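Before reading on, please look over the sequence and the structure shown here. The briefing that follows goes through the chain topic by topic.

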Amino acid sequence: ARPFEAAAPAWAAVEAYRGPLLAEPFLETAFAGERERLRRRAAAIATWLVAHHAAVGERRRGEEAVERATWIDPTDEDVWLAAMRFHAAGDRPERVRQAYWDARKALKARLGLTPSSAFEQAARDLAAGAGKPAAPWRA
């Protein structure tokens, strides 16, 4: 299958995710586990899409996947690292830095936390290597 065809089922799954399932207050506890499972699954698929589009050089679709993944789970460090890797692969150090700061802001605002030391180290490594040549992007 061509690269865009390989991603089609994943895009269908991510686009089907519209936000928390049955988030009404009276259903909050009844569906909390299922809601979390679906959110994590959608975030994992969106994160895969980010890596996939980076690997095949599809910048536009990769940008869409980054936007979707960070919307689905703005507090997941792995989502933000995937976004940073995507931007680093495209030789866009300013976007790597922006994703880092967006991650810090989301973690602080939503959870009152700062990123883990592993996230901080990975971010430093990505920022240091973001200026290296990468494969050309396709629109």
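Two residues are said to touch, or to be in contact, when heavy atoms of theirs lie within 4.5 Å. With that in mind, A82 touches T47 and V50, leaving aside residues up to four places away in sequence. The model is a predicted one, and its chain contains 6 helices and 0 strands.

**The chain as a whole**

- Starting at the N terminus, the elements of the chain follow the order α-α-α-α-α-α.
- Of the 139 residues in the chain, 40% are buried.
- When contacts between residues at least 6 apart in sequence are considered, 66% of them join residues at least 24 apart.

- Although A82 and A99 stand 17 residues apart along the chain, their C-alpha atoms are separated by 9.7 Å.
- R41 is part of helix α2, and this residue is exposed because its relative accessible area of 52% is over the 50% cut-off.
- From C-alpha to C-alpha, R41 and V14 are 9.1 Å apart in space, while in sequence they are 27 residues apart.

**The largest nonpolar core**

- The largest nonpolar core has 32 residues, and the members that touch the most other members are L49, V50, I72, M84 and F119.
- At least two residues of this core are supplied by each of α1 (3-16), α2 (32-56), α3 (59-72), α4, α5 and α6 (117-129).
- Helix α4 provides the largest share of the core, namely 8 residues.
- M84, one of the core members named above, touches V96, A99, Y100, F119, A123 and L126, again not counting residues up to four places away in sequence.

**How α4 packs against α5**

- Two packed helices are described by the angle between their axes and by the distance between those axes.
- Helix α4 (residues 77-89) and helix α5 (residues 93-111) have axes that come within 8 Å and cross at roughly 170°.
- Because angles over 145 degrees count as roughly antiparallel, this crossing makes α4 roughly antiparallel to α5.
- The crossing of α4 and α5 is right-handed, and the contact is made by E77, W80, A83, M84, H87 and A88 of α4 together with R95, V96, A99, Y100, D102, A103, A106 and L107 of α5.
- When the residues of this contact between α4 and α5 are sorted by kind, 10 are nonpolar, 1 is polar and 3 are charged.

**How α5 packs against α6**

- The axes of α5 and α6 are 10 Å apart, and the two helices pack at an angle of about 165°.
- What does this angle say about the directions of α5 and α6 relative to each other? The two helices are therefore roughly antiparallel.
- The crossing of α5 and α6 is left-handed, and the residues making the contact are V96, Y100, A103 and R104 of α5 and F119, E120, A123, L126 and A127 of α6.
- The contact of α5 with α6 consists of 7 nonpolar residues and 2 charged ones, with no polar residues among them.

Technical notes
Residues numbered from 1 in each chain as written. Predicted model: local features only at pLDDT ≥ 70, side-chain atom pairs only at ≥ 80, totals over all residues. Heavy atoms only, no water. Axes fitted to C-alpha atoms, helices over the stretch in contact; angles between N-to-C directions. Helix = DSSP H or I, 4+ residues; strand = E, 2+ residues; numbered from the N terminus. Parallel < 35°, antiparallel > 145°, perpendicular 65-115°, else oblique. Left-handed = near helix turned anticlockwise from the far one by under 90°. Nonpolar A, V, L, I, M, F, W, Y, C, P; charged D, E, K, R; others polar. Core = buried A, V, L, I, M, F, W, Y, C linked by side-chain atoms within 4.5 Å. Buried < 20%, exposed > 50% of the residue type's maximum accessible area, 1.4 Å probe, protein only.
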